[in-house]
Amino acid sequence: PVSTLSLIVYEPVIFRGVKSKPQSSPSQSSQIASSPTTSVFGRLDGNLAYVPVERDDAKFYKFLSDVLDVLEKDTPPAPPVSKYANNGGCVFCQYLQDGQTSGQIFHKH
């Protein structure tokens, strides 16, 4: 039986990208020797946390019921009202905008 519940939560803080030197791909070297490929390596750095979770079957079944209520609707619900009203209430849109403003997320057109 399961005696305890917990989550290991990963919170990315920054994306680090490193562009390596151009090199020819072995599969392409015989076909297009003058067209090197460039590899880009990246990683997300962040924090890990162990979070114990108290088991509560009634709350969990209520949560599942609420999710089903949303999924069974004919139209999606309106986004929640939030401080991110300029992004339609989308916290992910605001995260992207904040990252671009701070310089942590780069966006090229």
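1. A residue is called partly exposed when its relative accessible area lies between the limits for buried, under 20%, and exposed, over 50%. Arginine 43, at 48% relative accessibility, therefore counts as partly exposed. The model discussed here is a predicted one, and the points that follow should be read with that in mind.

2. The count of salt bridges comes to four. Among them is the pair of aspartate 45 and arginine 43, whose closest N and O atoms are 2.9 Å apart. Aspartate 45 has a relative accessibility of 22% and so is partly exposed, and arginine 43, as noted, is partly exposed at 48%.

3. Arginine 55 counts as exposed because its relative accessibility is 55%, whereas aspartate 57, at 37%, counts as partly exposed.

4. Within helix α2, which spans residues 57-71, aspartate 66 and lysine 62 are four residues apart and are therefore separated by about one helical turn. Their side chains meet in a salt bridge, at 2.7 Å from N to O. Aspartate 66 is partly exposed, with a relative accessibility of 33%, and lysine 62 is likewise partly exposed, with a relative accessibility of 49%.

Note on methods: Residues are numbered from 1 along each chain as its sequence is written. This is a predicted model: local features need pLDDT of at least 70, side-chain atom pairs count only at pLDDT 80 or more; totals for chains, interfaces and linings use all residues. Side-chain values use heavy atoms; hydrogens and water are left out. Buried means under 20% relative accessible area, exposed over 50%, partly exposed in between (1.4 Å probe, protein chains only). Helices (H or I, at least four residues) and strands (E, at least two) are DSSP runs, numbered from the N terminus.
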